[in-house]
Amino acid sequence: MKRFARLFETIDQSTKTTAKVAALTEYFSDADPVDKLWTVALFSGRRPKRAVTTTRLREWAAEVSGIPLWLFEDSYAIVGDLAETIALTLPLNESQKDQTLSYWINALRALSQVTDEVKKTFVLDAWTTLGGTERFLFNKLITGGFRVGVSQKLMTRALSNATGKPEAELAHRLMGNWHPDDTTWHSLIEAEDASTDASRPYPFYLAHPLEDGPTMLGDPQDWRAEWKWDGIRGQLILRDGAHFVWSRGEELMTDRFPELARAIDHFPPGTVLDGELLVWHPDADKPANFNALQTRIGRKKVPKKLLAEAPVVIHAYDLLEWQGNDIRNLPFSERRALLESACAGLPATAPVKLSPQHTFDTWDTLGDLRATARAEHTEGLMIKRADSPYLSGRKKGDWWKWKLDPLTIDAVMIYAQAGSGRRANLFTDFTFAVWNGNDLVPFTKAYSGLTDAEFRKITAWVRKNTLQRFGPVRQVTPYHVFEIAFEGIQASSRHKSGVALRFPRMKRWRADKPLQEANTLDDLNEMLRIYG
Amino acid sequence: MSPDPVLTFTEKGIYCPAGDFYIDPWRPVDRALITHAHSDHARWGMGSYLATHDTLPVMRHRLGQITAEGVAYGEARQIGGAKVSFHPAGHVPGSAQIRVEVAGEVFVASGDYKVVNDGLSTPFEPIRCHHFITESTFGLPVFRWSDQNTVAAELNAWWAQCAAAGKTAFLGAYALGKAQRLMSMLDPNIGPILTHTAVENTNTVLRAQGIKLADTILADASLNPKDHPGALVIAPPSALGSAWAKKFGAQETGFASGWMALRGVRRRRAGDRGFVISDHADWQGLLWAIRKTEAENIYVTHGYTDIFTRYLNDSGWNAQVVPTQFEGENLDAEEPA
């Protein structure tokens with residue numbers, strides 16, 4: 001595993017894209033083919049089936065390290081990564097031997113059928129022989145989740161350098177349902193005729209935020225506009241009499257949304273739709289809010305009652321494949337025309353709806369429309385260039401999201417907690433309160449939105465202004481006011497304040513604002529009345 | 001009525017009623033005993049200062065006009081009803097643990113310390129006591145330092161690689177202690193060592209008091225980087241990436257800190273490379289030091305205080321957290337501590 005460890009270290013230590021791509025290119029050119037295949041799999045989120053539970057790993061690690069389990073757990077909470085915590089806590093390795101990456105993967109997979117005692121012997125032995133980065137990577141093979149700072153885009157670029165194949169083709173080859181067990185380096189990457197897997201999705205095209213409004217886009221005639229729906233981006237694939245639903249994170253969600261199976265009745269085979277999954281009741285004129293969809297996310301098996309309460313449809317806004325042909329290179333306006341004719345005459349009960357386009361002559365007209373987005377339960381507008389092909393990834397220029405400005409409220413920081421992982425030695429997790437008479441009522445937490453420099457500054461302040469400690473949480477002197485931005489507000493009986501916010505974050509540190517001028521609980525309730 | 005404890009923990013700092021003095025106070029007091037010259041321990045505004053002979057010059061350099069007196073390691077002083085002596089803490093040159101004895105009861109306030117010999121500071125000496133005041137900056141079992149030669153090899157390999165690629169190597173480090181320790185680890189055959197003004201000022205003070213340091217070149221505004229190919233520059237973290245640093249053209253930045261042991265922090269903060277090296281004790285170092293004091297009562301001042309204290313109590317010590325304003329190794333300090 002030394003070769004793989006060296007690759008990992010180079011990528012992990014560097015902040016420079018060119019250095020990462022160069023290291024990957026070298027690896028893809030000369031490493032063992034089975035190791036290469038596994039490397040692509042690991043870096044794109046695929047991993048061997050977990051052979052050992054993390055509970056056992058923690059117990060064994062604490063035992064071997066000679067520390068109580070609580071101390072191991074507390075350390076893990078600060079380090080933020082189980083594989084790393086184990087690697088750091090264990091005694092130094094006693095011997096060394098070098099085996100390939102695939103040797104370790106296969107050895108781990110062979111463990112799935114054996115008793116805990118046999119597993120333990122194997123894992124402890126591996127911990128004794130592997131040191132440093134290799135030990136960390138071995139643990140990662142068990143626990144999963146390689147976050148190495150290599151995007152799919154960089155990996156595809158390196159693969160392209162190493163093989164001479166175009167990036168777009170490689171991006172498509174790497175999509176979907178493949179697994180190192182069922183394919184080879186040759187057939188996945190090199191073979192002329194990429195194996196045709198009916199479920200394979202296309203890489204998603206992602207929009208860029210439009211920070212300064214649309215006037216810079218030029219002539220409105222060249223653009224098309226739609227709502228930006230507040231749901232789950234999805235690709236619905238209808239091929240060979242079967243259907244597949246993919247998330248943007250390349251997760252197969254087919255079983256979670258059984259109602260989409262009926263789409264087969266309405267479209268010919270060889271159809272791929274890009275759209276947004278939304279909870280939409282058959283008689284409603286707009287989607288239910290995101291909370292309704294939340295009840296469906298993560299439910300692998302959906303009870304009948306929930307299917308009736310929160311029925312999901314896909315709002316289609318693009319057509320990527322039609323009659324078995326990849327049409328991503330057609331201009332958006334032509335794909336859209338095909339999509340409209342394909343959706344013509346869909347009954348109201350169909351699980352697919354056409355996402356309407358808005359007509360507009362001027363950017364001002366569109367701006368007026370955007371102002372109504374919140375009432376329509378949308379996040380704003382999508383603006384797409386009429387003659388653009390369907391690209392992959394986040395390429396700037398053709399697709400723009402013109403989101404609503406978030407709701408904001410000025411709040412007082414009252415508790416602070418240190419972060420973990422990247423932010424292990426900074427206070428980054430804060431609780432905020434609004435005034436209710438002379439009391440401060442906590443209503444939300446927020447973790448993001450400040451710059452590193454600001455987090456450092458507030459960390460120094462928290463250290464000096466702690467009133468009380470509750471374990472890792474510090475109550476601080478009410479002093480600093482922050483502008484909290486959020487996307488939505490809901491009544492909530494679980495919160496003391498009676499409200500729950502959607503995606504709260506710190507928009508600005510209001511150093512200019514005295515404590516007394518923070519907002520009040522009445523202000524929050526008024527927002528709940530208007531937007532809840 | 002029981003007599004006053006030898007040391008108490010007050011709003012102003014660690015106080016000795018019998019001698020009417022404070023140790024490393026964070027608010028102005030009449031009489032302060034100072035463990036070492038880092039700015040969270042040696043603060044401005046005290047009526048008088050007492051510190052080791054090797055701590056005084058840097059402290060004077062940093063605090064300006066102060067009334068201060070020096071003391072040798074191991075030299076006993078009677079202050080009021082308290083017998084006081086300073087003993088090596090191994091943290092930075094001149095750093096001390098302060099031993100305070102009243103009526104046979106002994107406290108040791110250790111300030112910041114590390115238990116390995118860095119070749120620069122007088123090495124840590126465990127002092128037997130009844131009550132030991134300890135830091136816990138790296139008081140988690142995940143912190144385990146490699147031996148200094150191993151890190152030196154990594155450091156020099158990186159520097160040589162930068163030099164070969166025509167890049168200047170920038171190393172972020174505290175101006176007092178860490179900077180000089182790194183200088184001692186660097187291989188002068190690779191290239192010249194340049195220093196930021198803040199580091200060189202401290203170097204000058206230390207050299208003047210007879211501490212032998214590697215040769216360095218001050219990298220101030222008048223220096224032309226082109227005259228020093230293959231150089232390594234030591235600078236406070238805040239100077240990395242500044243306009244001054246950009247003058248050096250193609251460069252890589254490294255960061256030397258105990259925090260670099262954590263991958264997350266390394267990725268957030270290290271620039272191109274992180275080197276795990278600290279002037280604080282690691283987990284085993286803390287426990288070793290505590291065992292060696294034979295103290296039964298442990299007061300934990302800064303760092304992972306809650307976790308470390310719980311572990312000590314579970315292991316048979318009588319430990320408690322005492323809140324202080326010491327910062328330990330503060331990776332994110334805006335100014336070199």
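**Exercise 1.** How many helices and how many strands does the secondary structure of chain A come to?

*Solution.* The model is predicted. Count the elements of chain A: 18 helices and 20 strands.

**Exercise 2.** Decide what the radius of gyration of chain A says about its 532 residues.

*Solution.* Start with the expectation: a compact globule of 532 residues would have a radius of gyration near 24 Å. Chain A has 26 Å, so the two agree. Next, take the box along the principal axes: the C-alpha atoms of chain A fill roughly 70 × 70 × 50 Å. Then check burial: 38% of the residues of chain A count as buried. Finish with contacts. Among those in chain A with a separation of 6 or more, 71% join residues 24 or more positions apart.

**Exercise 3.** Describe the domains of chain B and where they meet.

*Solution.* Domain 1 of chain B covers 8-142 + 279-321, and domain 2 covers 148-275. Their centres, over C-alpha atoms, are 29 Å apart. The contact takes 17 residues from domain 1 of chain B and 16 from domain 2 of chain B. On the domain 1 side, nine are nonpolar, five polar and three charged.

**Exercise 4.** Which residues touch the most other members of the largest nonpolar core?

*Solution.* The core holds 202 residues; B:Val100, B:Leu171, B:Leu182, B:Val233 and B:Ile234 touch the most other members. Its largest share, eight residues, comes from strand 6 (residues 312-322) of chain A. Now zoom in on B:Ile234. Leaving out residues up to four places away in sequence, B:Ile234 touches, among others, B:Leu171, B:Ala173, B:Met183 and B:Val199. A second, separate core has 32 residues, including A:Phe443 and A:Leu501.

Key: Residues are numbered from 1 along each chain as its sequence is written. Chains are lettered from A and ligands numbered from 1 in the order in which they are written. This is a predicted model: local features need pLDDT of at least 70, side-chain atom pairs count only at pLDDT 80 or more; totals for chains, interfaces and linings use all residues. Helices (H or I, at least four residues) and strands (E, at least two) are DSSP runs, numbered from the N terminus. The radius of gyration is taken over C-alpha atoms; the globule rule is 2.2 Å times the number of residues to the power 0.38. A residue is buried if 20 or more other C-beta atoms lie within 10 Å of its own, exposed if 12 or fewer, and partly exposed in between; C-beta atoms are placed from the backbone. Two residues are in contact if their C-beta atoms, placed from the backbone, lie within 7 Å. Domain bounds come from an automatic or database domain assignment. Ala, Val, Leu, Ile, Met, Phe, Trp, Tyr, Cys and Pro count as nonpolar, Asp, Glu, Lys and Arg as charged, and the others, Gly among them, as polar. A nonpolar core is a set of buried Ala, Val, Leu, Ile, Met, Phe, Trp, Tyr and Cys residues joined through C-beta atoms within 7 Å.
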